[in-house]
Amino acid sequence: MSSRAAAAPSWAALFRNQRANQIVVLAAIMVLAAVLRFASLSQRGLVYWDEAKFGLEGERFHAYIQSLLGSDVSLNIGKTVGTAKPTHALLIAVGYFIFGIHAYTPLFMDAFFSVAGVGVIFLVGRRLFGPWAGLLAAL
């Protein structure tokens, strides 16, 4: 019996591996964040006015990029980028290239980068205050 106990790690030993525990907890937090952000996203549609506005700005950037790549497209599509967030419109335009021009594409891009932001918050919190504070901040 002692040889079998020596071969298999005990539950107490598994919980002592702090790094593995942190990775498991972070993975669970990231999965929870993704489920909460992506659930029924394609059926939701653009609810708020600014979502539609940013989507139209992304369409304008999409047309600019297509024009630069040699396509014959109207540059009057969408809305002129007039916000302080031109990178946001550019990321939405990248999403339009990947997923096509749909109402859910800006929402998907926002949800994706929001989940990525949870990971960044963990990294910053871990660096400043320790790993468990980083996990709490990510939650």
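Residues are numbered from 1 along each chain as its sequence is written. In this predicted model, local features require pLDDT of at least 70 and side-chain atom pairs count only at pLDDT 80 or more, whereas totals for chains, interfaces and linings use all residues, and side-chain values use heavy atoms, with hydrogens and water left out.

The chain contains eight helices and zero strands, where helices (H or I, at least four residues) and strands (E, at least two) are DSSP runs numbered from the N terminus. The order of elements from the N terminus on is α-α-α-α-α-α-α-α. Of the 139 residues of the chain, 27% count as buried (under 20% relative accessible area, with a 1.4 Å probe and protein chains only). Among contacts (heavy atoms within 4.5 Å) between residues at least 6 apart in sequence, 57% join residues at least 24 apart.

Two packed helices are described by the angle between their axes and the distance between the axes. Axes are lines fitted to C-alpha atoms, for helices over the stretch in contact, and angles run from 0 to 180 degrees between N-to-C directions. For helix α5 (residues 49–68) and helix α6 (residues 86–99), the axes come within 7 Å and cross at roughly 70°. The two helices α5 and α6 are therefore roughly perpendicular to each other (65 to 115 degrees). The crossing in which α5 passes α6 is right-handed, the near helix being turned clockwise from the far one by less than a right angle. On the α5 side, the contact is made by F54, G55, E57, G58, E59, F61, H62, I65 and Q66, and on the α6 side by P86, H88, A89, L90, I92, A93, Y96 and F97. These residues divide into 10 nonpolar, five polar and two charged (Ala, Val, Leu, Ile, Met, Phe, Trp, Tyr, Cys and Pro count as nonpolar, Asp, Glu, Lys and Arg as charged, and the others, Gly among them, as polar).

The axes of α6 and helix α7 (residues 104–129) come within 9 Å and cross at roughly 115°, which makes α6 roughly perpendicular to α7. Helix α6 passes α7 in a right-handed crossing. Contributing to this contact are H88, L91, I92, G95, Y96 and F99 of α6, together with Y104, T105, P106, F108, M109, D110 and F113 of α7. Nine of the contact residues are nonpolar, three polar and one charged.

In helix α8 (residues 131–138), the buried residues are G134, L135 and A138. They cover an arc of only 100° around the axis, which puts them on the same side of α8; the arc is that of the directions from the helix axis to the C-beta atoms. The buried residues of α8 pack against α3 (18–38) and α7.

Key:
Angles under 35 degrees count as roughly parallel, over 145 as roughly antiparallel, 65 to 115 as roughly perpendicular and the rest as oblique. Buried means under 20% relative accessible area, exposed over 50%, partly exposed in between (1.4 Å probe, protein chains only).
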